[in-house]
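Visitor: I would like to learn how to read a model of this kind. Please take me through it one feature at a time.

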Amino acid sequence: MILPIVLYGDPVLKKTAKNLDLSELPAINNLVADMYETMYHAHGVGLAAPQIGKDWRLFVIDSQPMYEEGSGKGRKEAFINPVIVEKSGPDSNYEEGCLSIPGIRGDVVRPSVIKMQWIDLEGQPQEAVFDEMDARVIQHEYDHIEGVLFTDKLSSLRKQLIKGKLNTIIKGEVDADYRVRTAAGKIRG
Ligand code: ZN
């Protein structure tokens, strides 16, 4: 089921999300299937639970479109109750966007390597090191479950420049080619 993506201005995007109860794994699996469907429909490479209105520590990614075709790189994965335990490597700069903030992009500096622990869809603990675009996408989604948006990390000049555009999104005046839920609770698309 394609779920409406919550837009900038909804308070759920500013909340620190809560850990999921693993006794709910079957329901989590169903939700993850909907999150993948929603993400692919919107041509996104990551989607976090707050973006579908749930303040839970859960996100999905599929970073394959961020790599050269045929490179074999990229990862499709669902992360339950993830924790970034280490950040390393040189900082990297990349122009990010977000399905909750359509039409706005901006340069965000992040560490290039992270180590993360999480629970997988079978309820098993996992640990892995991620780099390149995998680390980029994961850190963006991880920020979502901390209530942080990429626009919070832009330079003060860039923040100033996008202020007007953000206000139009808050008012629900957006042009997205996927299902969205405005801050006022209206569902479009
Ligand atoms: Zn985002």
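**Reading the model**

Guide: Gly123 has a positive phi near 90 degrees and sits in the hairpin of strand 5 and strand 6, with 5 residues between the strands. Helices (H or I, at least four residues) and strands (E, at least two) are DSSP runs, numbered from the N terminus. Two strands pair if DSSP finds at least two bridges between them.

Visitor: What should I know about the model and its conventions?

Guide: This is a predicted model, in which local features need pLDDT of at least 70 and side-chain atom pairs count only at pLDDT 80 or more, while totals for chains, interfaces and linings use all residues. Residues are numbered from 1 along each chain as its sequence is written, and side-chain values use heavy atoms, with hydrogens and water left out.

Visitor: In which sense do strand 5 and strand 6 pair, and over how many bridges?

Guide: Strands of a sheet pair through backbone hydrogen bonds, either parallel or antiparallel. Here strand 5 and strand 6 (residues 125-130) are antiparallel, with 6 bridges. Lys115 has Val129 of strand 6 as its bridge partner.

Visitor: What is the strand order in the open sheet of 3 strands?

Guide: The order is 1-7-8, and the pairing is mixed. Strand 1 (5-6) and strand 8 (187-188) are the edge strands, each pairing on one side only. Strand 7 (residues 180-181) pairs with strand 8 in the antiparallel sense over 2 bridges, and Arg181 has Ile187 in strand 8 as its bridge partner.

Visitor: How many helices and strands does the protein have, and in what order do they run?

Guide: There are 3 helices and 8 strands. Starting at the N terminus, the order is β-α-β-β-β-β-β-α-α-β-β. The radius of gyration (taken over C-alpha atoms) is 16 Å, close to the 16 Å from the globule rule for 189 residues, so the protein is as compact as a globular protein of that length. The globule rule is 2.2 Å times the number of residues to the power 0.38. The C-alpha trace spans about 45 × 40 × 35 Å along its principal axes.

Visitor: What share of the 189 residues is buried?

Guide: Buried means under 20% relative accessible area, exposed over 50%, and partly exposed in between (1.4 Å probe, protein chains only). By that cut-off, 48% of the 189 residues are buried.

Visitor: How does the span of helix 1 compare with the expected value?

Guide: The expected span of a helix is 1.5 Å times one less than its number of residues. Helix 1 (residues 25-41) has 17 residues and reaches 24 Å between its first and last C-alpha, close to the 24 Å expected. Its buried residues include Leu25, Ile28, Leu31 and Asp34. The buried residues of helix 1 pack against strand 1, strand 2 (46-48), strand 3 (58-62) and strand 4, where contact means heavy atoms within 4.5 Å. Just after helix 1, His43 has a positive phi of about 60 degrees.

Visitor: With which residues is Tyr40 in contact, leaving aside its neighbours within four places in sequence?

Guide: Tyr40 is in contact with Asp62 and Lys76 once those neighbours are left aside. Tyr40 belongs to helix 1 and is partly exposed, with a relative accessible area of 36%. Between Tyr40 and Asp62 the C-alpha to C-alpha distance is 8.9 Å, although they are 22 residues apart in sequence.

Visitor: How many of the 14 residues of helix 2 are buried?

Guide: The count is 13 of the 14, so helix 2 is largely enclosed by the rest of the structure.
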